[in-house]
Amino acid sequence: MNETDRAPALNQLIDALPKAELHLHIEGTLEPEMMLALAERNGVSLPYETVEDVRRAYQFDSLQDFLDIYYLGMSVLINEQDFRDLTVAYLEKAADQGVRHAEIFFDPQAHTERGVAFETVLDGISAGLEHGRTSLGITSKLIMCFLRHLPEESAFEALACACKHKDRIAGVGLDSSEKGLPPALFSRVFAEARQEGFIPVAHAGEEGPAAYVAGALDDLQVQRVDHGVSALDDPALTARLAKQQTPLTMCPLSNLRLKGIPSLADSPVKRALDAGILVTVNSDDPSYFGGYVGDNYKAIAGPLKLEAEDLVTLAKNSFAASFLSNAEKQRHIAAVEEAARSY
Ligand code: ADE
Ligand code: ZN
């Protein structure tokens, strides 16, 4: 097949593949149209008047540049209905891109510090997830992230809230600004969270060094690393991730838009695949970075010269790296194989 025929054929395969999304911040799915509508509904003032104004602000030179706008944008989320609407809108887009299972981050401290109750956030998101399950056939799990720019004490407060809702929160994560904030700062709260039965994951190696990825493994005992880009700079750590089969949840369009990589041809996804790492492709904050999960697969396929076989592996990895039961993983992986056969 020549290059001109290849892209549409691979895009068709990507559309057809069932996928799990494992790295998705629900607040990062807030599209400009909904941001302005909720600002109006809730009487929140924003420094933007039109959708174009909002989109113009989405020029980032770093993770921190993005985070400043991300926290500002989410200030329109006030009521349970807002969180439900946000979640339903994401799941509808995800369903269109072949997502069958989603493990979704939320940032409760970013809401409680503005006076929005933990339960308002959780009840709204849960209602949206229930709609996703019954109307769209998407299963889900929730991962509560600690904000690493806030003190440990605030993380412990969030954990105390999460402990009241273990039936609805499967895991804990670590996100927000990374530079200068090593995982070890959160060793104690992660130890308690693990003790309470939450599955630990953490953002590491997005802007921080490979040592932070090792820190997430050793100090936080994470079962999955979110991003992990810089891990590929360290051959011993790369070999360790492959040997342990610790999944990496990579987000190519996010890395590009936050200038973690100069071009999509520099995405570490293919190097991770070639190294035998259980790597997955995800969207992170799709409204801000220009693409949902299928768009991320499509964006890297050409620049990384991925073959159909690589795309099928990525879709299988997305289920293998999930927190579903073995039986559920096998069922989804069989569906990926079936879609690949019909391609
Ligand atoms: N919060 C939302 N998106 C994030 C990202 N890409 N990195 C760290 N924290 C985040
Ligand atoms: Zn993220």
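**Overall fold and zinc site of the predicted model**

The secondary structure of the chain comprises 17 helices and eight strands. The model is a predicted one. The chain has 343 residues, for which a compact globule would have a radius of gyration near 20 Å. The value for the chain is 19 Å, which agrees with a compact globule. Along its principal axes, the C-alpha trace extends over about 55 × 45 × 40 Å.

Burial and contacts were examined next. Of the 343 residues, 57% count as buried. Contacts between residues at least 6 apart in sequence were also classified by separation, and 76% of them join residues at least 24 apart.

The zinc ion (ligand 2) is held by four residues. His-23, His-25 and His-203 each coordinate the zinc ion through NE2. Asp-284 coordinates the zinc ion through OD. The distances run from 2.0 to 2.2 Å. Along the chain, the donors follow the spacing H-x1-H-x177-H-x80-D. His-25 belongs to strand β1 (residues 19-25), whereas Asp-284 belongs to the loop between β8 (279-281) and α14 (286-289). The pair therefore ties together parts that are 259 residues apart in sequence. His-25 and Asp-284 are both buried.

Angles among the four donor atoms of the zinc ion (ligand 2) range from 82 to 174°. A tetrahedral assignment requires all angles to lie between 85 and 135 degrees. The site of the zinc ion is irregular. For four tetrahedral donors, the ideal angle at a metal is 109.5 degrees.

Salt bridges form another set of links. The whole structure contains 17 of them. One of these joins the side chains of Arg-41 and Asp-82, with an N to O distance of 2.7 Å. Arg-41 sits in helix α2 (residues 32-42) and Asp-82 in helix α5 (residues 80-96). The two residues are 41 residues apart, and the pair links distant parts of the chain. Their surroundings were compared through relative accessible area. Arg-41 has a value of 47% and is partly exposed. Asp-82 has a value of 0% and counts as buried.

A further salt bridge connects Lys-166 and Glu-196, whose closest N and O atoms are 2.6 Å apart. Both partners lie in loops. Lys-166 is in the loop between α8 (152-163) and β4 (171-175). Glu-196 is in the loop between α9 (187-195) and β5 (199-204). This pair also links distant parts of the chain, 30 residues apart. Lys-166 is partly exposed at 39% relative accessible area. Glu-196 is partly exposed at 30%.

Asp-218 and Arg-240 form another salt bridge, with the closest N and O atoms 2.7 Å apart. Asp-218 is in helix α10 (residues 210-218), and Arg-240 is in helix α11 (residues 235-244). The partners are 22 residues apart and link distant parts of the chain. Asp-218 is partly exposed, with a relative accessible area of 45%. Arg-240 counts as partly exposed at 28% relative accessibility.

Individual residues complete the description. Ser-126 is part of helix α7 (residues 118-136). The relative accessible area of Ser-126 is 16%, and the residue is buried. Ser-126 and Leu-142 are 16 residues apart along the chain. Their C-alpha atoms are separated by 8.7 Å.

Backbone angles were inspected at two loop positions. Most residues other than glycine have a negative phi. Ser-176 has a positive phi near 80° and is not a glycine. Ser-176 occupies the loop between β4 and α9. With a relative accessible area of 6%, Ser-176 is buried. Gln-221 likewise is not a glycine, and its phi is positive at about 55°. Gln-221 is located in the loop between α10 and β6 (224-227). Gln-221 is partly exposed, with a relative accessible area of 44%.

Definitions and conventions. Residues are numbered from 1 along each chain as its sequence is written. Chains are lettered from A and ligands numbered from 1 in the order in which they are written. This is a predicted model: local features need pLDDT of at least 70, side-chain atom pairs count only at pLDDT 80 or more; totals for chains, interfaces and linings use all residues. Side-chain values use heavy atoms; hydrogens and water are left out. Donors are N, O and S atoms within 2.8 Å of the metal (3.2 Å for Na, K and Ca); water is not among the atoms, so sites may look incomplete. Four donors count as tetrahedral if all angles lie between 85 and 135 degrees; four count as square planar and six as octahedral if opposite donors are over 155 degrees apart and all others between 65 and 115; anything else is irregular. Helices (H or I, at least four residues) and strands (E, at least two) are DSSP runs, numbered from the N terminus. Buried means under 20% relative accessible area, exposed over 50%, partly exposed in between (1.4 Å probe, protein chains only). The radius of gyration is taken over C-alpha atoms; the globule rule is 2.2 Å times the number of residues to the power 0.38. Contact means heavy atoms within 4.5 Å. A salt bridge is a side-chain nitrogen of Lys or Arg within 4 Å of a carboxyl oxygen of Asp or Glu.
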